[in-house]
Amino acid sequence: MTLITFLFRSSRLMILLSILVGIVSGISSAALIALIHKALSLDRTAAASLVTAFIGLALVRFTSGVVAEVLLIYLAQNAILKLRIQLSRRILGTSLRQLEELDSHRLLAALVDDVTSISVALINLPIICINVVVLVSCLIYLGWLSWTVLLAVLYTIACGIVTYQMATNKGLVHFRLAREQWDRLVSHFYGLIEGAKELK
């Protein structure tokens with residue numbers, strides 16, 4: 001079961017709502033940028049007429065941002081709870097032979113650390129939606145102002161993505177090694193606690 005599938009099965013309405021609020025927040029952010037740019041090109045009297053629109057967009061941006069944060073906190077905590085319950089049920093449903101073959105420290109690490117990492121990914125999902133909407137809106141506005149500058153920005157973004165991906169691929173190897181070391185560390189902690197009990 002993939003993470004996205006699990007999310008939509010467990011909290012479909014909350015995810016869609018948080019993504020929708022994130023899109024509203026992103027559009028209002030881009031609209032604020034466009035409004036400020038327009039106000040800078042007008043004289044003082046004409047710019048003063050845009051104050052109401054600016055206040056309205058600022059309120060929408062602030063409100064949608066707060067609502068998105070509240071939804072994200074609820075979504076993350078709900079996902080952590082459901083994932084831990086599901087993992088616990090699977091452990092209880094596993095046969096004794098399979099449990100003995102599994103390392104207990106790996107199960108403990110999955111219940112504690114992996115679930116937390118997944119919840120961080122969940123929190124970032126609507127934030128990514130907000131940032132994508134802001135980026136696309138700003139690129140459209142930039143293309144409306146100057147196609148030449150838009151092409152230069154797109155080329156720079158493409159170079160940045162390729163460079164970042166190359167560095168990320170190298171870093172993933174070290175993350176896997178760090179995960180193995182963490183499993184060993186949890187195993188040592190587990191052994192320390194059980195050993196202390198046996199000694200006492």
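The backbone oxygen of Val60 lies 2.7 Å from a polar atom of the Ser64 side chain, a polar contact in the sense of a pair of N or O atoms within 3.5 Å, where within protein one must be able to donate a hydrogen and the other to accept it, and residues adjacent in sequence count only if both atoms are side-chain atoms. The model is predicted: local features need pLDDT of at least 70 and side-chain atom pairs count only at pLDDT 80 or more, while totals for chains, interfaces and linings use all residues. Residues are numbered from 1 along each chain as its sequence is written, and side-chain values use heavy atoms, with hydrogens and water left out.

Ser64 is part of helix α3, residues 51-93; helices (H or I, at least four residues) and strands (E, at least two) are DSSP runs numbered from the N terminus. Ser64 counts as buried because its relative accessibility is 8%. The terms are buried for under 20% relative accessible area, exposed for over 50%, and partly exposed in between, with a 1.4 Å probe and protein chains only. Apart from residues up to four places away in sequence, Ser64 touches Val21, Val24, Ser25 and Ser28, contact being heavy atoms within 4.5 Å.

**The chain as a whole**

The chain has 6 helices and 0 strands, in the order α-α-α-α-α-α along the sequence. Of its 200 residues, 22% are buried. Among contacts with a separation of 6 or more, 75% are between residues 24 or more positions apart. The accessible surface comes to about 14,000 Å², and carbon and sulfur atoms hold 71% of that area. Areas come from the Shrake-Rupley method with a 1.4 Å probe; for residues, only the protein chains shown count as cover.

**Core and patch**

Which residues form the largest nonpolar core? Its 7 residues are Met14, Ile15, Ile19, Val21, Ala68, Leu71 and Leu75. Helices α1 and α3 each supply at least two residues of this core, and α1 gives the most, with 4 residues. A nonpolar core is a set of buried Ala, Val, Leu, Ile, Met, Phe, Trp, Tyr and Cys residues joined through side-chain atoms within 4.5 Å.

On the surface, Ile36, Leu40, Val51, Phe54, Ile55 and Leu59 form a nonpolar patch with about 580 Å² of accessible area together. The elements giving two or more residues to this patch are α1 (3-41) and α3. Here α3 gives the most, with 4 residues. Patches are made of residues with over 30% relative accessible area and no salt bridge; like charges are joined within 9 Å, and nonpolar side chains (Val, Leu, Ile, Met, Phe, Trp, Tyr) within 5 Å. A salt bridge is a side-chain nitrogen of Lys or Arg within 4 Å of a carboxyl oxygen of Asp or Glu.

**Single residues**

| Residue | Relative accessible area | Class |
|---|---|---|
| Leu40 | 70% | exposed |
| Val67 | 35% | partly exposed |
| Ser29 | 16% | buried |
| Val153 | 27% | partly exposed |

Leu40, one of the patch residues, lies in helix α1. Ser29 also belongs to helix α1. Not counting residues up to four places away in sequence, Ser29 touches Arg61 and Val134.

Val67 is in helix α3. Val21 is one of the core residues and one of the contacts of Ser64.

Val153 lies in helix α6, residues 147-199.
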